[in-house]
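Here are a few notes to read with the model open beside you.

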Amino acid sequence: MRRTRVLAAVLALGAGLVVGAPPVLAAGSPAPRAAVAAESYTWKNARIDGGGFVPGIVFNRKEKNLAYARTDIGGAYRWQQSTKTWTPLLDSVGWNDWGHTGVVSLATDSVDPNRVYAAVGTYTNGWDPGNGAVLRSSDRGASWQKADLPFKLGGNMPGRGMGERLAVDPNKNSVLYLGAPSGKGLWRSTDSGATWSQVTNFPNVGNYVADPGDTSGYGNDNQGIVWVTFDESTGSAGSATKTLYVGVADKANAVYRSTDAGATWQRLAGQPTGYLAHKGVLDAVNGYLYLAYSDTGGPYDGGKGRLMRYATATGTWTDISPVAEADTYYGFSGLTVDRQHPGTVMATAYSSWWPDTQIFRSTDSGASWTKAWDYTSYPDRENRYTMDVSSSPWLTWGANPSPPEQTPKLGWMTEALEIDPFDSDRMMYGTGATIYGTEDLTKWDSGTRFTVKPMVQGLEETAVNDLAAPPSGGATLFSALGDIGGFRHTDLTKVPSMMYTSPNFTTTTSVDFAESNPDTVVRVGDLDSGPHIAFSTDNGANWFGGSDPSGVSGGGTVAAAADGSRFVWSPQGAGVQYTTGFGSSWQASSGIPAGAVVESDRVDPKTFYGFKSGKFYVSSDGGATFTASAATGLPAGDSVRFKALPGTKGDVWLAGGASDGAYGLWHSTDGGATFAKLANVEQADTVGFGKAATGASYQTLYTSAKIGGVRGIFRSTDKGVTWTRINDDAHQWGWTGAAITGDPRVYGRVYVSTNGRGVIYGDTSDTGGGTGGGGGGGTDPTPTPTPTGACAVTYKITNQWSGGFQADVQLANTGTAAWNGWSLGWSFADGQKVTQLWNAGFTQSGAAVTVKNTSWNGTVAAGSSVGFGFTGSWSGTNTKPTAFRLGDQTCTVS
């Protein structure tokens, strides 16, 4: 990531706050329940590849090619060797548990590789209303069980690159340890993560805080226990490992050891002081504990650091630092041992932004070191590597730096560094923007250049602030993103060549286009110096900066007139402004408060709208003057998004609110003079429009909402009279409250914002359009187990591993009448067992499986379909079922 992230870190928090904290949902009186149909959607990411901080990479020590990565706000991933991509594992995290998309630690079981654990929770202060949890999986993250903790965890807190805080005993895998922040100490589980209790005799809960003067609870939280490392040589299979080491955020007492399986603990004698031990990596073959020290907790900061080696048999400490302390201006954090050749050790200078990060390598247990790059004659440098970012070309940031800087950089925030325990040539490391790796690492030792490439496909970690899908032009989608600005996608399946430049905002907060002239595009965002607004006249292909009114400190929101002739901007630090042309000069708008959210009418180029603190504002003179609407009953707070419908003047939809007041979806057909609240929508946070369904007279509506008692992504093709939930419990992505938009050119396609999982888009199996599904009444449909009419089934194995698999099933109504309840049956040929199933209920007797609808997806219109997924176990072979029955009907199998 760029140096600007250092300056924005306290405010942006890795993009976690850029999009706004999700609302705290409290219990309230139930809203009228609407009958909600369900439809099968296919969900993918608009490819960016990376885009955020990867603080941890973990390889399994028993099974080749089994590796995991954790992100600070975007969940966890498993490496898929066959495609060399990452598979997301926490998309099932729902709205109420949004904080569980922050992963502070991962542990993979070296006794049973099917088992994996994740310690989750985003903030330890009030920004995250929920406590942390330890998630456990027996199928490599395909499904999870949760153990709630009595304290918070901080996947996006200072110190998140230290670790791993969660560890499985390599001899007795029912035993796990977890290091807690906030003075909560060390915790242990003896039942494979199902329950946890504090290790009350552990002597030190830590005392280091990044910023004692910060009263928010973010910078001044005790970073606590930061890593746990077992000495596998001190145990035998089935017996608890006797010796383990624990790292503590305490500069005077950083490392402790137990030699009796945790019964007693002692501070390691002779250890260095004045530093935090970011990592503790054990080479049990040679009897060395390696430690990477920094004078701060990271991940952005670090002024001084040391590398130390501790001889476990003799207690001897050796300073093996590759450079003198006086020459460090960074801390050490990334640390790994080559398990094939344990004398080979590597470490990173994690906080060296300028001129680049540094990676060090030793093949003699730290006695001597070589560097990934060094100066020849300053400022010229020689690299041991070549960089190939052709798969993610935006990693150059379009920069043209002066030596000794280069582009692309080797990285920054490089706290995760791992050599594959089965392959000395493969190494991966995380940065603030991506995962880099090499598959010819040992060329380093022969003096031949090794190749560093992004190894990040499938891992999408951007926080999305805004989305816009134009009706014409080469751009399919514009995104406004935290930390890396945003992209113009012309092909959702390909990584764009570059983020927005000229200027390149650190974070883009709002983007809009002129509805009748989509070649005109505007974006606003945050930047340390330079303009906070930019314009394009060629559909976002090229950009030029505008000028800022006095006092602007941040992007805010922006709106383009329907014909592109003028703009209204509500920046941070200044009041609402308007301009004609491209912002060479601005004038203050009157009648509207500073900080209002602004949007444009999509037909009348002189009509603009605003919202602030429960009031809706309207301008009919191009933004010069606004008048407060007489509309009442709107949300009192500022957690509101609204949009005007393309093609119809004065048609406005507004979503937002909070559970302690007005909360829902409102519609105005008179330009905001009055609003009507939709009774069948209990809560709504976003609203957007897409291409109308076949035969429909109104554009398709999309929202992230709670309808019929269910949180999800919903679609309506009949102006909100009925709603279809189009996501499912396996695809929730935590918080999705920042932005949503349909595609004006492709029916059913929707773009969903996430807070750390990038831009998600969904496509429907109902390519011909169709009805909204479900009635508008106040009760759920009554299930009927034997629907009539033809059916078709698609059964797809989406993932398979030793002893386990994951499958998706789509059931289509190919008849002429709607189903009001359904029951699908099949038999397995090879003894497979369903272990967990989502979006339906199931029973299994021997080989026979019966799956029935839930209360909210029993209604399936003719021509529509419904989907569910499951994980299962298998041995020998895993043959797909060849026959399915819907009640008494035999289904076609595709």
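**Notes on rings, cavities and backbone**

1. The structure holds 49 aromatic pairs; rings of Phe, Tyr and Trp (its six-membered ring) pair if their centres lie within 6.5 Å, with planes under 30 degrees apart counted as stacked, over 60 as edge-to-face and the rest as tilted. This is a predicted model, in which local features need pLDDT of at least 70 and side-chain atom pairs count only at pLDDT 80 or more, while totals for chains, interfaces and linings use all residues. Residues are numbered from 1 along each chain as its sequence is written, and side-chain values use heavy atoms, with hydrogens and water left out.

2. Have a look at Phe544 and Phe582, an edge-to-face aromatic pair with 5.6 Å centre to centre and 80 degrees between the planes. Phe544 lies in strand E40 (residues 544–545) and Phe582 in the loop between strand E43 (577–580) and strand E44 (587–588), so the pair ties together parts that are 38 residues apart in sequence. Helices (H or I, at least four residues) and strands (E, at least two) are DSSP runs, numbered from the N terminus. Phe544 is partly exposed at a relative accessible area of 34%, and Phe582 is partly exposed at 32%. On this scale, buried means under 20% relative accessible area, exposed over 50%, and partly exposed in between (1.4 Å probe, protein chains only).

3. Which residues do ring pairs link into a cluster? They are Tyr795, Phe805, Trp822, Trp826, Phe828, Phe868, Phe870 and Phe884. Phe828 sits in the loop between strand E64 (823–827) and strand E65 (833–838) and counts as buried, with 5% relative accessibility. Leaving aside residues up to four places away in sequence, the contacts of Phe828 include Tyr795, Phe805 and Phe870, along with Val834 and Pro881; contact means heavy atoms within 4.5 Å.

4. Two charged side chains are worth a click. Arg309 lies over the face of Tyr288, 4.4 Å from the ring centre, and Lys409 lies over the face of Trp353, also at 4.4 Å from the ring centre. The criterion is NZ of Lys or CZ of Arg within 6 Å of the ring centre and within 35 degrees of the ring normal.

5. Seven cavities of 30 Å³ or more are present. A cavity is a set of points, on a 1 Å grid over the protein atoms alone, where a 1.4 Å probe fits but cannot get out; lining residues have an atom within 4 Å of a point. Grid points are joined across faces, edges and corners, and a volume is the space filled by probe spheres set on the points. The largest cavity holds about 110 Å³ of space and has 16 lining residues, with Gly154, Met157, Pro158, Arg165 and Pro181 nearest its centre.

6. On the backbone, cis peptide bonds join Pro403 to Pro404, with omega about 15 degrees, and Thr407 to Pro408, with omega about 0 degrees. Pro408 lies in the loop between E29 and E30. Most residues other than glycine have a negative phi, and most peptide bonds are trans. Asp49, though not a glycine, has a positive phi of about 70 degrees and counts as buried at 2% relative accessibility. Asp483 likewise has a positive phi, near 70 degrees, and counts as buried at 8%.

Technical notes
1 Å grid on protein atoms, 1.4 Å probe; cavity = no way out; pocket = protein on both sides within 12 Å on 5 of 7 lines; lining within 4 Å.
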